[in-house]
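Please find below a short note on the model under review.

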There are 2 protein chains.
Amino acid sequence: MIMPSLRDTDPRHLAALVAVADHGTFARAAQALGFTQSAVSQQIAQLERAAGVALFDRPKGPRPAEFTSTGQIVLEWARRSLARVDQMDAQLDLLRRGRSGQLIVGTFQSASAELLPNILGAMRDHVPDVDVQLDETDDLDALMREVLQDEIDLAFTIDADDDPRIEIDLLGYDPFVVLAPAERPARQFVTVADLNTRPLIGQPGDETGQRLIDQRLTGAGISPDYAYRFRNNAAVQSMVRSGMGWAVMPSLAVDHDDPDIAVLRLDPPLHPRAIQLIRRSGRTLLPAAADFRSIAKKVGRGLLEARA
Amino acid sequence: MIMPSLRDTDPRHLAALVAVADHGTFARAAQALGFTQSAVSQQIAQLERAAGVALFDRPKGPRPAEFTSTGQIVLEWARRSLARVDQMDAQLDLLRRGRSGQLIVGTFQSASAELLPNILGAMRDHVPDVDVQLDETDDLDALMREVLQDEIDLAFTIDADDDPRIEIDLLGYDPFVVLAPAERPARQFVTVADLNTRPLIGQPGDETGQRLIDQRLTGAGISPDYAYRFRNNAAVQSMVRSGMGWAVMPSLAVDHDDPDIAVLRLDPPLHPRAIQLIRRSGRTLLPAAADFRSIAKKVGRGLLEARA
DNA sequence: GCATGATCATCAGAATAGCTGATCACTATG
DNA sequence: CATAGTGATCAGCTATTCTGATGATCATGC
């Protein structure tokens with residue numbers, strides 16, 4: 001060994017030093033470590049060679065070697081160094097089990113409202129020490145971009161096109177429904193054509209969600225004409241409640257517990273939007289992220305099928 | 001490797017991980033480390049085996065491997081772990097050069113007054129980062145005990161007997177002088193017999209220093225009779241100044257700049273006390289302690305011979 | 001389309017490092 | 001003076017680790 005640097009020193013050598021400190025003699029340290037006295041002697045010798053200083057005074061008799069002042073200092077460093085390795089080991093163990101880690105998930109309004117609380121609840125039960133951070137925006141393209149740039153681990157999205165750069169999990173389908181003021185007797189179904197008999201309330205045209213709805217309606221043969229537009233989902237619903245008009249909304253975005261609102265199904269239905277979870281392809285997920293994914297799929301199945 | 005623990009992981013493997021992070025590809029990392037690409041590949045592979053998790057995603061083409069989320073976490077740990085080893089290395093380097101370390105030196109009043117400031121000044125000039133802590137007591141036996149029990153690295157002492165358990169360096173001889181009120185014309189010399197013509201001022205009989213003086217005086221044929229006793233050297237000198245009597249004191253303990261005090265030499269002189277530096281035998285000194293020792297010997301030679 | 005060049009993995013063999021087991025030297029203790 | 005316990009040392013075996021060559025894969029450029 002030309003270069004006497006601890007950079008090339010086996011942790012075992014440090015462990016030997018600590019063991020000698022803890023057990024008093026080379027022989028007992030060796031026994032504790034499962035080595036022979038010879039091995040420990042050589043380990044310490046190499047450590048001293050690497051350090052370039054004597055770490056022990058050897059009394060040359062039947063008395064144990066004792067640490068020099070330098071040796072005591074090195075001993076403390078060795079303890080701390082090994083402690084750090086052990087910490088890393090423990091952290092890694094948590095990581096392997098998916099019980100730790102910082103997870104960043106991209107999401108948007110309607111996913112956040114219904115899907116996420118259920119998923120996060122299950123995560124808390126299952127892997128309580130995972131720190132899930134949310135990155136919420138309604139710009140789905142931005143989410144996609146962040147996934148591709150590894151800025152976020154996972155993202156919810158809607159109707160994502162096949163793309164070799166990402167892998168897509170389908171969580172379920174979110175049907176489009178019509179919101180109308182509650183009436184008696186309540187209707188169950190409306191047709192697309194019925195929509196043009198009432199003023200329509202929607203979101204601004206730059207909203208990703210609204211564009212999706214307009215595409216669907218155009219595809220179904222009508223060109224919607226919005227009397228009022230509000231950015232917030234709840235505001236739209238509120239307007240419907242006060243009788244200003246009807247609204248077409250994805251089911252997940254609707255507050256189904258509102259007694260003043262009738263949720264009507266379209267017949268024939270619009271093609272429902274696909275709620276998906278995307279991740280960058282070819283990337284190994286953090287174990288915690290893999291947990292999130294399987295939980296999301298399970299929750300999505302329950303939530304979205306029940307409402308289909 | 002049955003036990004996948006990082007405890008058995010060479011720092012080089014961690015260094016490889018960091019190098020890959022810093023240089024982008026296995027091959028460049030290998031070059032930076034002075035290894036072949038094959039070696040780095042195997043190091044990383046073993047690291048992944050030990051960690052039990054994938055640390056890299058391999059895109060299987062001409063594009064470099066990229067860290068997984070887990071890999072990034074492990075990378076940070078590796079950096080910190082290596083930083084610690086490097087810190088230890090740097091510390092050790094300072095230690096080797098005697099430029100660092102915590103030194104505890106036992107000392108007593110008269111050594112502290114004159115000798116120590118000079119030694120500590122030289123230490124500061126020579127090895128500025130050594131932390132010299134002082135353990136001051138006037139119980140020389142206590143100092144000896146602390147040396148034997150490795151509680152202190154070095155200790156000043158006086159007239160220590162040969163003892164196989166300690167090694168003694170003679171710093172110099174400190175003559176005994178007589179303090180008298182300044183008179184004109186000032187006398188230069190007094191005899192031991194003259195002492196009994198004046199009231200004597202001394203320290204309490206339990207003081208190690210006082211016992212030494214009494215031994216010397218008894219050996220010289222007189223039995224001193226103290227009119228007043230004060231524990232503090234300065235107090236004794238103050239009493240002499242105000243004309244209460246004479247005092248026999250070791251030269252090192254005297255404030256020679258006091259204009260109201262005449263420092264008289266004994267003729268024939270009492271056998272001077274030997275100022276020594278002791279350390280436990282068979283123990284390797286901290287390099288900084290070795291420096292302290294050689295500086296102390298040099299300073300002692302200068303200071304004590306000049307006053308002999 | 002096909003060659004080129006870059007990626008990392010893999011394998012066999014050589015070099016190195018590490019451990020064992022036996023032995024030696026030393027000395028405090030009884 | 002024999003005993004017992006200390007660590008050092010040495011030779012030889014084993015395990016690890018590096019090298020050097022090769023393989024597999026695929027993006028890029030001609």
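Which side chain of opposite charge is nearest to Asp214(B), and how many Å away is it?

1. The model is a predicted one. In it, the side chain of opposite charge nearest to Asp214(B) is that of Arg229(B), 5.0 Å away. A salt bridge requires a side-chain nitrogen of Lys or Arg within 4 Å of a carboxyl oxygen of Asp or Glu. Asp214(B) has no salt bridge, although the residue is buried.

2. Asp214(B) belongs to helix α7 of chain B, which spans residues 208-219. A polar contact of 2.6 Å links the side chain of Asp214(B) to the side chain of Tyr226(B). When neighbours within four places in sequence are set aside, Asp214(B) is in contact with Pro224(B) and Tyr226(B).

3. Chain B is superposed on chain A by a rotation of 179 degrees, with 0.2 Å of shift along the axis and an RMSD of 0.6 Å. This is the relation of a two-fold axis. Among the residues of chain B, Asp10(B) comes closest to the rotation axis, its C-alpha lying at 2.7 Å.

4. The copies meet through the same surface, because 100% of the interface residues of chain B are also interface residues in chain A.

5. As to confidence, the average pLDDT of chain A is 89, and 96% of its residues score at least 70. Within chain A, confidence is highest in helix α2 (residues 26-33), at a mean of 96, and lowest in helix α9 (residues 287-307), at a mean of 85.

Definitions and conventions: Residues numbered from 1 in each chain as written. Chains lettered and ligands numbered in written order. Predicted model: local features only at pLDDT ≥ 70, side-chain atom pairs only at ≥ 80, totals over all residues. Heavy atoms only, no water. Least-squares fit on C-alpha atoms with pLDDT ≥ 70 in both. Contact = heavy atoms within 4.5 Å. Helix = DSSP H or I, 4+ residues; strand = E, 2+ residues; numbered from the N terminus. Buried < 20%, exposed > 50% of the residue type's maximum accessible area, 1.4 Å probe, protein only. Lys, Arg positive; Asp, Glu negative; His and termini not counted. Polar contact = N/O pair within 3.5 Å; in protein donor to acceptor, adjacent residues only side chain to side chain. pLDDT = per-residue confidence, 0-100.
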